[in-house]
Amino acid sequence: MTTQWGWPIAECFHFIGLCLLFGTVGFFDLRMLGVARAVPLRSLHRLIPFGIAGFAICAITGTLFVMTTPDQYLHNPAFLTKLLLMLVAGLNMLLFYLVAARSVWLAAADGVPPLPARLFGLVSLLCWLGVMTCGRIITAFRPPAFYWCPWC
Amino acid sequence: MNGILVAIEHWPPSIWAREDEYAYFLALIFHAWGMALLVGGGVVIALRALCGGAAGSMVGFRGLLPVMWCGAALAVLSGFVLLVAYPAKALTNPIFAIKFGCLVCATLLLRRLLREGAAPARGVAALCLLLWLSGVAAGKLLLHTYTVLTVS
């Protein structure tokens, strides 16, 4: 990671993983909210394994970033907020499959899922947009130039 | 060429984009959101075509195009702010042209994948996916490969 191309290559893979994750999960969330109703929900759901692969890529490369320069991340509130949002997104996904997924599959192919399912979609979408935003904030306001953490 | 780039750097909007506390940073966040919507949609369509999109099954996916257009508009507007802030840094870097080339070619292939009646060719879908992800990776590499920085 400390070689000339180690960090840039890891960043490229991190963003490729994010594209796979947001493309599949984010667009499934948008579809649940009623966007692009001509797209069958099941067709989009079949692509979720690619999103999981994208998350795995992000997790591996993200771990490499933190291990290489831990002080830039562990004392950075944007990073901690990013982790929290990922946790919320994960719990939201778990609850979606436990509580609301069945109602989504029962809905008409070109229909809008019931309100609880749409709320799960909204929470998921906001969480992943927040994760992306926090990722940008991490790089823009790094310690020690910015010590803006209220609790670190 | 250098004279033009220097003139842009002394243009008041360029100075504002560089020196305002939030302008550049907000443009980065909006660029990430815009690219996520644009490339995310492209990735979904390419993956769907790659994973068994039959003849006629891709037409519904045209519903994702308005979302991708919104993402493209956001990415272009925010990208313009980023470009105006540091024109020499971007326009003297060949990776910048590669990024644009990848995204334009991916868009052209996307139109072919969404053509009515025809079954999408897997080779075209794979190439389209590769181009979307290469465009994102090239965008990330811009940060690490510039050789000219006339303002800071």
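Reader: Do α2(B) and α4(B) lie roughly parallel or roughly perpendicular to each other?
Author: This is a predicted model: local features need pLDDT of at least 70, side-chain atom pairs count only at pLDDT 80 or more, and totals for chains, interfaces and linings use all residues. Residues are numbered from 1 along each chain as its sequence is written, chains are lettered from A and ligands numbered from 1 in the order in which they are written. The axes (lines fitted to C-alpha atoms, for helices over the stretch in contact, with angles from 0 to 180 degrees between N-to-C directions) of helix α2 (residues 12-19) and helix α4 (residues 65-85) of chain B come within 8 Å and cross at roughly 100°. With under 35 degrees counted as roughly parallel, over 145 as roughly antiparallel, 65 to 115 as roughly perpendicular and the rest as oblique, α2(B) and α4(B) are therefore roughly perpendicular.

Reader: How many residues of the contact of α2(B) with α4(B) are nonpolar?
Author: Ala, Val, Leu, Ile, Met, Phe, Trp, Tyr, Cys and Pro count as nonpolar, Asp, Glu, Lys and Arg as charged, and the others, Gly among them, as polar. One polar and one charged residue take part in the contact of α2(B) with α4(B), and the nonpolar residues number five.

Reader: Which helix provides the largest share of the side of chain B that touches chain A?
Author: The contact takes 25 residues from chain B and 28 residues from chain A. On the side of chain B that touches chain A, α3 (23-50) and α7 (122-145) each supply at least two residues. That side of chain B divides into 18 nonpolar, five polar and two charged residues. Its largest share, 13 residues, comes from α3(B).

Reader: What percentage of the residues in chain B is buried?
Author: Chain B has seven helices and zero strands, these being DSSP runs numbered from the N terminus (H or I, at least four residues; E, at least two). Its C-alpha atoms fill a box of roughly 55 × 25 × 20 Å along the principal axes. A residue is buried with 20 or more other C-beta atoms within 10 Å of its own, exposed with 12 or fewer, and partly exposed in between. Of the 152 residues in chain B, the buried share is 38%.

Reader: What percentage of the residues in chain A is buried?
Author: Chain A comes to six helices and zero strands, and its C-alpha atoms fill a box of roughly 55 × 35 × 25 Å along the principal axes. Among contacts in chain A between residues at least 6 apart in sequence, 78% join residues at least 24 apart. For the 152 residues in chain A, the buried share is 36%.

Reader: Is A:Phe28 buried or exposed?
Author: A:Phe28 is found in helix α1 of chain A. Leaving aside neighbours within four places in sequence, A:Phe28 is in contact with A:Leu44, A:His45 and A:Ile48. Because 24 other C-beta atoms lie within 10 Å, A:Phe28 is buried.

Conventions
Contact = placed C-beta atoms within 7 Å.
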